[in-house]
Amino acid sequence: QVQLVESGGGSVQPGGSQKLSCLVSGSIFVINSMGWYRQAPGQERELVAVITSSGTTNYADSVKGRFSISRDDATNAVDLQMNSLKPEDTAVYYCNVRGYSDYKGSAVQYWGQGTQVTVSL
C-alpha cells in the first residue's frame with residue numbers, strides 16, 4: 001500500500017543540474033529517515049544522501065558540496081538537488097524511506113522504482 005513515486009530523472013550535460021523528487025503515499029506510522037541511493041551498471045547500490053526526522057544529513061564523499069537533500073514533512077516528500085553533475089554520477093537513483101509501521105515499533109523500509117540519471121555530452 002505504501003508507494004514511493006520518483007520524478008526528475010533524465011539526461012543532463014556535465015556541469016549541469018538536476019532535481020529528483022520522491023513522494024510517499026500510503027500510511028507509515030513514523031518516518032525516521034528518507035534518503036537517496038544510486039546504482040551504476042555492475043556496481044553495488046550505494047548511499048548518496050540521507051536525512052533523518054531531526055534534520056541530520058549525511059552525504060557520500062563523492063557528492064559532498066554538490067548535492068543537497070531536503071524533506072517536506074507536510075507532504076512526505078524528499079528531494080535531491082544535484083549540481084555540478086559529472087559523468088560518474090550516471091546511475092539509477094532510488095528513493096528510500098525507513099520507519100515504523102505501527103505503534104508496536106515494527107521496523108519497515110520502502111524503495112522507489114528507480115529513476116535513470118544520465119550525465120553525458
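Tyr37 is buried, because its relative accessible area is 19% and buried means under 20%, exposed over 50% and partly exposed in between (1.4 Å probe, protein chains only). This is a predicted model: local features need pLDDT of at least 70, side-chain atom pairs count only at pLDDT 80 or more, and totals for chains, interfaces and linings use all residues. Residues are numbered from 1 along each chain as its sequence is written, and side-chain values use heavy atoms, leaving out hydrogens and water.

| Residue | Relative accessibility | Class |
|---|---|---|
| Tyr37 | 19% | buried |
| Trp111 | 34% | partly exposed |
| Tyr103 | 68% | exposed |

A search of the whole structure finds one aromatic pair. Tyr37 lies in strand β4 (residues 30-39) and Trp111 in strand β10, so the pair ties together parts that are 74 residues apart in sequence. Strands here are DSSP runs (E, at least two residues), numbered from the N terminus.

Now to the sheet. Four strands form an open sheet in the order β1-β3-β8-β7, with antiparallel pairing; two strands pair if DSSP finds at least two bridges between them. β1 (3-7) and β7 (67-72) stand at the edges with a single partner strand each, so one side of each is left without a neighbour in the sheet. Five bridges join β1 to β3 (residues 18-25), and Gln3 stands opposite Ser25 in β3.

Conventions: Phe/Tyr/Trp six-rings, centres within 6.5 Å; stacked < 30°, edge-to-face > 60°.
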